[in-house]
Amino acid sequence: FWACLRAGVIAVPVYPPSPDKLAQALAKLELIRAACSAYNCLTDKTVNWLRQTSSIMHTWPLALTWRVTEGVTFRTKRGTTGDLQAMPIAIDDMAFL
């Protein structure tokens, strides 16, 4: 959530799909994706592994670009690792769905 705020994008938190009910979870994920026109999905290594290994049997939302966030570093304008600069925020800006 905080990374989304810092990047200036709207966070849409969704529970990770359960392997026990994967088809149902993926249908729900696609409905959420379509409702908010999401095109990026921030995830962890475990969910990304599930996505990669289950793609033979299940269709994951095709319109999403999956981004594993573990180990992500940010670069400043000078090219060194550092904190992101905060985006300007107005009182009526949406931050969370």
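A: Helices (H or I, at least four residues) and strands (E, at least two) are here DSSP runs, numbered from the N terminus. On that basis Tyr15 is placed in the loop between helix H1 (2-7) and H2. The model is a predicted one, in which local features need pLDDT of at least 70 and side-chain atom pairs count only at pLDDT 80 or more, whereas totals for chains, interfaces and linings use all residues. Residues are numbered from 1 along each chain as its sequence is written, and side-chain values use heavy atoms, with hydrogens and water left out.

Q: What is the secondary structure of the chain, and what pattern does the chain follow along the sequence?
A: The chain has three helices and two strands, and read along the sequence these follow the pattern α-α-β-α-β.

Q: Why is Tyr15 called exposed?
A: Buried means under 20% relative accessible area, exposed over 50%, and partly exposed in between (1.4 Å probe, protein chains only). Tyr15 has a relative accessibility of 78%, and therefore counts as exposed.

Q: What makes Val12 partly exposed?
A: Val12, which also lies in the loop between H1 and H2, has 31% relative accessibility and so counts as partly exposed. Its C-alpha is 8.4 Å from that of Phe1, although Val12 and Phe1 are eleven residues apart in sequence.

Q: Which residues line the second largest pocket, and what makes it a pocket?
A: On a 1 Å grid over the protein atoms alone, a pocket is an open set of points with protein on both sides within 12 Å along at least five of seven lines, while a cavity is a set where a 1.4 Å probe fits but cannot get out; lining residues have an atom within 4 Å of a point. By that criterion the lining consists of Pro13, Val14, Tyr15, Pro16, Pro17, Ser18, Lys21, Gln24, Ala25, Lys28, Leu29 and Ile32. Two of these lining residues, Tyr15 and Ala25, are ten residues apart in sequence and 9.0 Å apart in space, C-alpha to C-alpha.

Q: How much space lies in the second largest pocket?
A: Grid points are joined across faces, edges and corners, and a volume is the space filled by probe spheres set on the points; for the second largest pocket this comes to about 250 Å³.

Q: How do you know that H3 has its buried residues along one face?
A: The buried residues of helix H3 (residues 45-54) are Val47, Asn48, Leu50, Arg51 and Ser54. Seen down the axis of H3, these fall within an arc of 155 degrees, the arc being that of the directions from the helix axis to the C-beta atoms, so they line one face of the helix. The face turned away from the buried side carries the exposed residues Lys45, Thr46 and Trp49.

Q: What do the buried residues of H3 pack against?
A: Taking contact to mean heavy atoms within 4.5 Å, the buried residues of H3 pack against helix H2 (22-36), strand E1 (40-43) and strand E2 (65-68).

Q: Why is Thr43 called buried, and which residues does it touch?
A: Thr43, in strand E1, has a relative accessible area of 8% and is therefore buried. Not counting residues up to four places away in sequence, Thr43 touches Asn48, Trp66, Arg67, Val68 and Thr69.
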